[in-house]
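Reader: I have a protein model open and would like to learn how to read its features. Could you take me through a few of them?

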Amino acid sequence: MIDEAYEGRIRQFQLECRDGETWKPILRGQTVGRNFTRRFPLITARYVRLNILKATEGPTVWEFQLLPPSKP
């Protein structure tokens, strides 16, 4: 879950995990906005980052959460 404090500033982003010394994309997107939520394939990673690739007026992320998979 990503919550952008000021909607519309993030124009392109990647969620990435580190594999050794390399960052690998898990999820790519264009806009975030309020309460952005997406599912992606299960991974095991120690380090995860939100990489904002394009933005206007200085992007501001209010909250960023990674949650465990939901049970079927």
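Predicted model: local features only at pLDDT ≥ 70, side-chain atom pairs only at ≥ 80, totals over all residues.

Reader: Which residue does E16 meet in a salt bridge?

Author: Here is the idea: side chains of opposite charge can pair when their charged atoms come close. A salt bridge is a side-chain nitrogen of Lys or Arg within 4 Å of a carboxyl oxygen of Asp or Glu. In this model E16 meets R49, at 2.5 Å from N to O. R49 lies in strand β4 and E16 in strand β2, so the pair ties together parts that are 33 residues apart in sequence. Strands are DSSP runs (E, at least two residues), numbered from the N terminus. R49 is partly exposed, at 33% relative accessible area.

Reader: How many salt bridges does the rule give?

Author: The count comes to four. One of them joins E57 and R9, whose closest N and O atoms are 3.6 Å apart. E57 sits in the loop between β4 and β5, and R9 in the loop between β1 and β2, so this pair links parts 48 residues apart in sequence. E57 is exposed at 67%, whereas R9 counts as buried at 18%. Another pair is K24 with D19, at 3.1 Å between the closest N and O atoms. K24 is partly exposed, with a relative accessible area of 38%, and D19 is partly exposed too, at 44%.

Reader: Which residues form the nonpolar patch on the surface?

Author: Such a patch is made of residues with over 30% relative accessible area and no salt bridge, with nonpolar side chains (Val, Leu, Ile, Met, Phe, Trp, Tyr) joined within 5 Å. Here the residues are V61, F64 and L66, with about 220 Å² of accessible area together; such areas come from the Shrake-Rupley method with a 1.4 Å probe, and for residues only the protein chains shown count as cover. V61 belongs to strand β5, residues 61–64, and is partly exposed at 31%.

Methods: Residues numbered from 1 in each chain as written. Heavy atoms only, no water. Patch = residues over 30% accessible without salt bridge, like charges linked within 9 Å, V, L, I, M, F, W, Y side chains within 5 Å. Helix = DSSP H or I, 4+ residues; strand = E, 2+ residues; numbered from the N terminus. Buried < 20%, exposed > 50% of the residue type's maximum accessible area, 1.4 Å probe, protein only.
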